[in-house]
Amino acid sequence: MELNGIRPVYNACSRLIDVSVLSGFEKKTAVYYEDGNITYKTLQTLVNQTANMLKALGLEMEDRVLIICHDSPEFIYSFFGAVRIGAVPVPVNTMMQAGDYEYYLNNSRAKALIVHHDIWKKIKHIRKRFIYVREILIISDIATDIHEGALNFNLQISEQPVECQPSLTCYDDAAFWLYTSGTTGDPKGVIHLHHDMEVSTSHYAKKVLKMTEADRCLSASKLFFAYGMGGGMFFPLGMKASTILVKEKTTPKTMFQTIEKYKPTIFFGVPTLFGAMIEHVDQSGECPDLSSLRICISAGESLPSSFSKKWNHLFGVDILDGIGSTEALHIFISNRIDDMKEGSSGKVVPGYEAKIVNEQGVELPPNEVGDLIISGDSIAQGYWNLHEQTKHKFMGKWFHTGDKYYRDKEGYYWYCGRADDMLKVGGIWVSPIEIENCLLDHKAVLETAVIGETNDQNLIVPKAFIVLKENFTPSEQLKKDIQQFVRKNLARYKYPRIIHFIDELPKTATGKIQRFKLKELLHS
């Protein structure tokens with residue numbers, strides 16, 4: 001039946017889960033988690049029950065559902081359960097502070113919150129400040145963890161029917177949001193459409209990684225990141241493969257143990273983790289068995305060539321470096337299994353276009369540094385409620401990445417830094433403004449500016465230049481106290497690894513900090 005005004009139905013949940021069941025993969029393991037496994041049929045059933053629960057609670061098409069969830073099956077149930085009924089899941093970082101979650105909930109106008117019990121305990125005291133939230137669902141196996149005004153997620157879905165027809169969503173409907181940090185310090189809601197996951201899968205997972213249903217994927221990057229969501233969820237599901245979920249914090253030891261236990265064939269990491277895993281082997285003298293891996297992937301920041309060489313020497317497997325973004329959903333430039341150039345980001349992924357342009361938007365010849373712009377069907381619709389920023393970043397079919405690059409004559413792309421002051425620490429975008437605002441709350445700090453400094457391993461870490469208030473004297477102990485203050489008030493990965501006390505900050509006549517002069521100090 002055709003209805004006037006209704007475009008052909010396309011639902012990402014159906015494309016990534018139902019198709020596998022209908023194709024005869026219902027008994028295949030979709031998810032490995034905590035010594036258990038979940039088949040595609042069981043996954044479909046639990047997603048359907050989650051969808052029915054959300055409908056029973058009054059959630060409708062286009063309603064936002066904020067998800068603060070560790071890497072666990074409940075993340076997948078919540079995400080695709082919302083997508084199935086046309087609601088919009090908004091997964092966010094599990095490592096943030098209570099005030100950050102207040103921002104996410106109020107900015108997204110989420111009507112429902114799905115949250116792991118350990119995180120809920122940290123934010124329940126500000127419940128009254130969640131303006132739009134009607135329903136709170138707590139993921140917990142313990143009934144006593146449920147507080148007044150909240151529901152037990154696991155109990156609620158267990159009482160729901162196991163069948164659920166997808167809503168009449170279409171190819172270009174909003175499917176989910178991901179938040180990315182901005183230069184102002186306020187995260188931006190990136191709106192992705194129903195087709196974006198399938199497009200990214202068909203271009204990168206299938207054509208670059210050569211993924212098949214025989215693969216097992218392990219992502220060290222968590223599911224709430226675009227990079228982790230691809231490697232740990234929609235790539236394996238879209239290719240009828242399997243994913244291995246790890247709830248615990250990502251550490252070298254945890255990753256080595258997980259690889260040896262579950263035997264993944266594809267491992268998604270970030271440069272800082274690969275470096276830490278190499279260091280773990282050097283320090284312990286033990287070399288874990290990673291023979292199950294056929295390929296590793298790195299993104300989030302440029303991979304030092306020394307890491308890729310040492311990794312291959314230790315484990316006999318290559319790391320494919322690439323670049324992606326939250327706005328593009330995943331990797332759009334990458335090295336290939338049979339075509340690698342160490343130190344470069346590789347070549348454009350099939351299905352995408354890339355240009356290096358000058359400030360006037362004119363494409364530059366090979367070996368000239370300029371701004372990287374990209375085009376492809378997985379690129380987001382735009383930013384939520386940020387009209388001007390959307391206009392400046394999304395121009396026609398082109399997205400301005402904010403990265404400085406050059407392309408050599410062979411078509412390889414080489415990273416040259418950021419066009420703005422954003423930092424990427426451990427593969428995660430960090431706003432220097434956010435760190436500065438936190439530092440200014442410290443009793444000893446008068447003025448501050450944060451920039452990125454390259455450490456001995458060629459990775460970016462935050463460095464804070466600080467002007468102290470009177471009656472405070474620079475000391476190593478004060479540096480430690482300030483670092484601890486930031487760790488306490490922001491996500492731990494955001495604290496400045498280096499603190500440099502300075503008499504005054506370089507400024508323009510109008511009082512703006514001249515960051516380029518601070519960067520010059522690093523090389524003087």
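Leaving aside neighbours within four places in sequence, serine 200 is in contact (heavy atoms within 4.5 Å) with Ala205, Phe234, Phe235, Leu329, His330, Tyr352 and Ser378. The structure is a predicted model, in which local features need pLDDT of at least 70 and side-chain atom pairs count only at pLDDT 80 or more, while totals for chains, interfaces and linings use all residues. Residues are numbered from 1 along each chain as its sequence is written, and side-chain values use heavy atoms, with hydrogens and water left out.

Serine 200 belongs to helix H7; helices (H or I, at least four residues) and strands (E, at least two) are DSSP runs, numbered from the N terminus. With 0% relative accessibility, serine 200 counts as buried. Here buried means under 20% relative accessible area, exposed means over 50%, and partly exposed lies in between (1.4 Å probe, protein chains only). Helix H7 (residues 196-205) has 8 of its 10 residues buried, so it is largely enclosed by the rest of the structure. The buried residues of H7 are Asp196, Met197, Val199, Ser200, Thr201, His203, Tyr204 and Ala205.

Of its 11 residues, 8 are buried, so H4 is largely enclosed by the rest of the structure. These buried residues are Ala98, Asp100, Tyr101, Glu102, Tyr104, Leu105, Asn106 and Ser108. Their cover includes strand S3 (64-68), strand S5 (112-116), helix H5 (117-123), S8 and helix H13 (432-439). Just after H4, arginine 109 takes a positive phi of about 60°.

Strand S8 also takes part in an open sheet of 3 strands, with the order S8-S9-S19 and antiparallel pairing. Strand S8 (174-180) and strand S19 (382-383) stand at the edges with a single partner strand each, so one side of each is left without a neighbour in the sheet. Two strands pair if DSSP finds at least two bridges between them; S8 and strand S9 (residues 188-193) run antiparallel and are joined by 6 bridges. Within this pairing, tryptophan 177 has isoleucine 191 in S9 as its bridge partner.

The next topic is the nonpolar interior. In soluble globular proteins, nonpolar side chains tend to be buried together. A nonpolar core is taken as a set of buried Ala, Val, Leu, Ile, Met, Phe, Trp, Tyr and Cys residues joined through side-chain atoms within 4.5 Å. The largest such core has 160 residues, and those with the most contacts inside it are Phe79, Phe80, Leu113, Phe267, Trp311 and Leu372. A second, separate core has 7 residues, among them Ile451, Val467, Ile502 and Leu518.

Leu372 is also one of the residues touched by aspartate 403. This aspartate lies in strand S21 (residues 398-407) and is buried, with a relative accessible area of 7%. Not counting residues up to four places away in sequence, the other residues that aspartate 403 touches include Ile323, Gly370, Asp371, Tyr415, Arg418 and Trp429.

Salt bridges come next, defined by a side-chain nitrogen of Lys or Arg within 4 Å of a carboxyl oxygen of Asp or Glu. By this rule the count is 18. In one of them, the side chains of lysine 111 and aspartate 63 meet at 3.2 Å, N to O. Lysine 111 sits in the loop between H4 and S5, and aspartate 63 in the loop between helix H2 (40-56) and S3, so the pair ties together parts that are 48 residues apart in sequence. Lysine 111 is partly exposed at 28% relative accessibility, whereas aspartate 63 is buried, with a relative accessible area of 10%.

Another salt bridge joins lysine 341 and glutamate 410, whose closest N and O atoms are 2.4 Å apart. This pair links distant parts of the chain, 69 residues apart: lysine 341 is in the loop between strand S15 (331-334) and strand S16 (347-348), and glutamate 410 in the loop between S21 and strand S22 (413-418). Lysine 341 is partly exposed, with a relative accessible area of 22%, and glutamate 410 is exposed, at 52%. Together with Asp408, Lys341 and Glu410 are linked in a network of salt bridges.
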